[in-house]
Amino acid sequence: MSSEQFQAAHDSIYNAGTGLLQYLQEIRQGRLSEGDDTKSLQNVEDEINKALHALKEQKYQVAVIAAMKAGKSTFLNAVIGADVLASETAACTICRTDVRHIPSGQIPRLLEYRDGQRLPLVITEGEAGEIQQKFLMRTREIREKGNPDKTIRFEIEHSIEAISKLSSLAGFTLVDTPGPNEWESGNFNTALKQTALEALRTCNAILFVLNYASYKDNAISDLFKDIIENRKEILSENTGKIYFILNKVDQKTEKDREISEYLMLFLSLVVLHSLLECSVL
């Protein structure tokens with residue numbers, strides 16, 4: 001289903017529910033004037049209102065994972081339409097970061113959630129450049145000091161340009177997760193790995209960003225090994241919801257193989273991991 005078809009289906013359902021609600025309200029007003037308490041109709045109206053609210057606020061979470069320097073942050077910033085995610089040579093994803101879509105007129109914010117605290121800390125708000133800078137500074141600080149504040153995730157409230165015209169995706173969130181070669185950095189290896197795998201288990205879809213120049217490296221192999229090991233919890237629940245993005249194809253030279261050949265080799269690796277796992281089982 002295309003985005004246009006999805007939006008049309010969403011609008012059709014929402015409009016039908018709104019029309020039904022209006023019709024019931026008119027009937028109830030008429031019965032009220034006749035002395036009927038209309039409790040049964042009120043209950044139906046309440047249920048329709050709940051359904052319409054749920055439809056409008058439906059949450060869609062898309063996890064994005066990649067090995068370090070595969071271009072994940074650049075890709076995400078392009079989808080968002082602004083440079084808000086930190087990106088540098090060193091590993092810079094220290095925990096899960098949710099980029100939650102907000103209306104274009106709302107002020108963007110960077111929030112930090114800490115273990116044991118119900119409410120988040122507002123790090124900064126305003127322009128994308130300010131958010132990116134503060135985010136990068138905070139990331140460096142946590143990595144250097146070993147996370148004494150027990151930060152568990154960040155949230156960036158910012159409009160996402162790629163879906164901004166689709167009211168059906170008002171509850172859309174991009175989930176940026178640590179890559180496999182960031183799991184071993186600093187004192188975060190266990191927490192980072194669990195953060196990534198948890199996102200893969202719970203999100204509606206998974207995007208793998210692959211670096212054209214290094215898609216066969218050990219980090220990618222390790223990532224798929226972990227996914228295969230957890231396949232009952234991840235793959236079986238996300239069939240048809242896992243997508244691969246081959247990034248940095250502009251680095252291809254005339255001496256390199258065709259991209260289609262690289263993709264076939266990559267898919268062979270995935271199949272091989274699956275077969276090996278099946279043989280163990």
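How many helices and strands does the chain have? The chain has 7 helices and 8 strands; helices (H or I, at least four residues) and strands (E, at least two) are DSSP runs, numbered from the N terminus. This is a predicted model, in which local features need pLDDT of at least 70 and side-chain atom pairs count only at pLDDT 80 or more, while totals for chains, interfaces and linings use all residues. Residues are numbered from 1 along each chain as its sequence is written, and side-chain values use heavy atoms, with hydrogens and water left out.

**Stop 1: the whole chain**

Colour the chain by pLDDT, the predictor's confidence in each residue, from 0 to 100. The mean is 77, and 72% of the residues reach 70 or more. Now select residues 273-281, where pLDDT stays under 50. For this stretch the model has 8 contacts beyond four places in sequence, a contact being heavy atoms within 4.5 Å.

Buried means under 20% relative accessible area, exposed over 50%, and partly exposed in between (1.4 Å probe, protein chains only). Among contacts with a separation of 6 or more, 76% join residues 24 or more positions apart.

**Stop 2: the largest nonpolar core**

Select Val-84, Leu-85, Ile-156 and Leu-174. They have the most contacts inside the largest nonpolar core, a group of 30 residues. A nonpolar core is a set of buried Ala, Val, Leu, Ile, Met, Phe, Trp, Tyr and Cys residues joined through side-chain atoms within 4.5 Å. At least two residues of this core come from each of β1, α3, α4 (128-145), β5 (151-157), β6 and β7. Helix α4 gives the largest share, 5 residues.

Centre on Leu-85 next. Leaving out residues up to four places away in sequence, Leu-85 touches Leu-76, Asn-77, Ile-80, Thr-97, Val-99, Gln-132, Phe-135, Ile-156 and Asp-176.

From there step to Thr-97, in strand β2 (residues 96-100). Thr-97 is buried because its relative accessible area is 2%. Beyond its neighbours within four places in sequence, Thr-97 is in contact with Leu-85, Phe-135, Phe-154, Ile-156, Leu-174, Val-175 and Asp-176.

**Stop 3**

Select Leu-200, in helix α5 (residues 189-202). Leu-200 counts as buried because its relative accessibility is 1%.

Is Arg-201 buried or exposed? Arg-201 counts as buried, because its relative accessibility is 19%. Its C-alpha lies 9.5 Å from that of Ala-63, across 138 residues of sequence.

**Stop 4: the largest pocket**

Rolling a probe the size of a water molecule over the atoms shows where empty space is left. Select Val-62, Ile-163, Leu-169, Phe-172 and Ala-205, which lie nearest the centre of the largest pocket among its 19 lining residues. Elements that give two or more residues to this lining are α1 (3-33), β1 (59-66), α3 (72-80), β6 (171-176) and β7 (205-211).

On a 1 Å grid over the protein atoms alone, a pocket is an open set of points where a 1.4 Å probe fits, with protein on both sides within 12 Å along at least five of seven lines; lining residues have an atom within 4 Å of a point. The space in the largest pocket is about 600 Å³, a volume being the space filled by probe spheres set on the points, which are joined across faces, edges and corners.

Colour the lining by residue class: 16 are nonpolar, 3 polar and none charged. Here Ala, Val, Leu, Ile, Met, Phe, Trp, Tyr, Cys and Pro count as nonpolar, Asp, Glu, Lys and Arg as charged, and the others, Gly among them, as polar.

**Stop 5**

Select Glu-127, in the loop between β4 (121-125) and α4. Glu-127 counts as exposed because its relative accessibility is 64%. Glu-127 and Ala-82 are 45 residues apart in sequence, with 9.4 Å between their C-alpha atoms.

Then go to the loop between α4 and β5, where Asn-147 is found. Asn-147 has a positive phi, near 60 degrees, and is not a glycine. Asn-147 is buried, with a relative accessible area of 16%. Lys-150 is placed in the loop between α4 and β5, and has a positive phi of about 55 degrees although it is not a glycine. Lys-150 counts as exposed, at 52% relative accessibility.
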